[in-house]
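The sequence and the structure are shown here for reference.

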Amino acid sequence: MFRKDDVKKWKKYEILCVLGLSDLDYLQRHIKRFKRCEINDLLDEIEKYFKNTRANEKMLVIKFVTTQDVGQLYNLRIYKKPKREELYQQIRENTVNNVIEYWICPSEVSSTSGNFSGRYFVDMENLGDEVIELIWWTSPRLLEGNLHKNKYPFARYIRKFPGISYINDNITIPPNRTINKHQVDEWFKKVLSWLHKHKYNIEWFKNILQICSLEVFSLEFKFENGIGKFIDWDTPNDNRVLAYFENLSLSNPDLFNIE
């Protein structure tokens with residue numbers, strides 16, 4: 001773990017494994033990595049994926065990966081089999097100089113209530129504010145900047161003080177969507193229960209962030225057919241957190257034996 005030659009974004013995912021919030025086997029099965037020079041192999045894999053997948057049930061995300069970037073990478077979302085030449089051109093046009101790899105990550109996006117994404121946001125500096133946001137049938141990236149607005153079912157729940165109940169702040173369901181507010185509330189309760197099961201691991205992460213002098217963080221997750229998985233995390237200074245884990249791995253190498 002934490003190979004010196006690996007990219008920082010992968011190290012971020014490995015930290016989820018160290019914290020017990022994910023596992024390396026899951027990451028390696030669900031994220032396929034291609035070097036910049038392997039673009040034809042990437043296109044072959046995408047064609048094979050959509051050949052073996054029924055339409056309107058899956059989405060592929062292509063991540064444009066750099067060595068040093070730890071935040072949100074540039075993404076392409078693909079919902080149906082593209083024309084090879086057009087996708088090749090689109091990838092080339094969006095490949096800046098520091099991109100060294102392409103990753104493809106599949107997601108379940110069929111219009112059933114058990115397929116959604118979300119993020120759990122905590123502000124420990126502001127009385128421990130907690131926010132849970134859910135969005136159905138697409139990437140959690142669309143939660144940023146209200147890119148989901150009026151297109152996908154969305155819900156936000158807020159808890160202002162520890163120990164009190166969450167309050168529903170917003171439920172938006174666009175017309176002709178096969179989900180209702182009761183189902184949204186029921187899935188929120190299941191997410192809350194799922195987060196509670198990981199309470200110890202999340203508290204461990206909070207303690208580490210406080211050591212790193214960070215008071216704000218978010219955990220991104222997705223539910224596919226009702227099964228939840230953590231997929232990423234963000235803080236105001238991810239590099240500081242990475243440095244902490246890298247130093248910890250030097251003094252406690254057994255802690256990082258996640259394979």
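This is a predicted model: local features need pLDDT of at least 70, side-chain atom pairs count only at pLDDT 80 or more; totals for chains, interfaces and linings use all residues.

## Helix 1 against helix 7

Two packed helices are described by the angle between their axes and the distance between the axes. For helix 1, residues 8-18, and helix 7, residues 238-251, the angle is about 60° and the axes lie 11 Å apart. Helix 1 is therefore oblique to helix 7, and the crossing by which helix 1 passes helix 7 is left-handed.

On the side of helix 1, the contact is made by Lys8, Lys11, Lys12, Ile15 and Val18, which meet Asp238, Asn239, Leu242, Phe245 and Glu246 in helix 7. Sorted by class, the residues of this contact of helix 1 with helix 7 comprise 5 charged, 4 nonpolar and 1 polar.

## Helix 6 against helix 7

Helix 7 also packs on helix 6, here at an angle of about 105° and with the two axes 10 Å apart. Because angles of 65 to 115 degrees count as roughly perpendicular, helix 6 and helix 7 are placed in that class.

From helix 6, Phe205, Ile208, Leu209 and Ile211 meet Val241, Tyr244 and Phe245 of helix 7. The contact of helix 6 with helix 7 has 7 nonpolar residues, with no polar and no charged ones.

## Helix 3 against helix 4

Helix 3, residues 39-51, and helix 4, residues 84-93, cross at roughly 130°, and their axes come within 11 Å. That angle makes helix 3 oblique to helix 4, and the crossing of helix 3 and helix 4 is right-handed.

In this pair, Ile39, Asn40, Leu42, Leu43, Asp44, Ile46 and Glu47 of helix 3 meet Arg84, Leu87, Tyr88, Ile91 and Arg92 of helix 4. The classes represented in the contact of helix 3 with helix 4 are 7 nonpolar, 4 charged and 1 polar.

Rolling a probe the size of a water molecule over the atoms shows where empty space is left. In this model the count comes to 1 cavity of 30 Å³ or more, and the largest cavity holds about 370 Å³ of space. Its lining is made up of 28 residues, of which Lys63, Cys105, Ser107, Lys222 and Ile231 are the closest to the centre of the cavity.

Two or more lining residues of the largest cavity are given by each of helix 2 (24-30), strand 2 (58-66), strand 4 (99-108), strand 5 (116-123), strand 9 (216-224) and strand 10 (227-234). By class, the lining of the largest cavity divides into 13 nonpolar, 8 polar and 7 charged residues.

## The largest pocket

About 260 Å³ of space lies in the largest pocket, whose lining consists of Tyr120, Glu130, Arg159, Tyr166, Leu192, Leu195, His196, Lys199, Ile202, Glu203 and Lys206. These lining residues include 5 nonpolar, 5 charged and 1 polar.

At least two lining residues of the largest pocket are supplied by helix 5 (181-197) and at least two by helix 6 (199-211), and helix 6 accounts for the largest share, with 4 residues.

Conventions
Residues are numbered from 1 along each chain as its sequence is written. Side-chain values use heavy atoms; hydrogens and water are left out. Axes are lines fitted to C-alpha atoms, for helices over the stretch in contact, and angles run from 0 to 180 degrees between N-to-C directions. Angles under 35 degrees count as roughly parallel, over 145 as roughly antiparallel, 65 to 115 as roughly perpendicular and the rest as oblique. A crossing is left-handed if the near helix is turned anticlockwise from the far one by less than a right angle, and right-handed if clockwise. Contact means heavy atoms within 4.5 Å. Ala, Val, Leu, Ile, Met, Phe, Trp, Tyr, Cys and Pro count as nonpolar, Asp, Glu, Lys and Arg as charged, and the others, Gly among them, as polar. On a 1 Å grid over the protein atoms alone, a cavity is a set of points where a 1.4 Å probe fits but cannot get out, and a pocket is an open set with protein on both sides within 12 Å along at least five of seven lines; lining residues have an atom within 4 Å of a point. Grid points are joined across faces, edges and corners, and a volume is the space filled by probe spheres set on the points.
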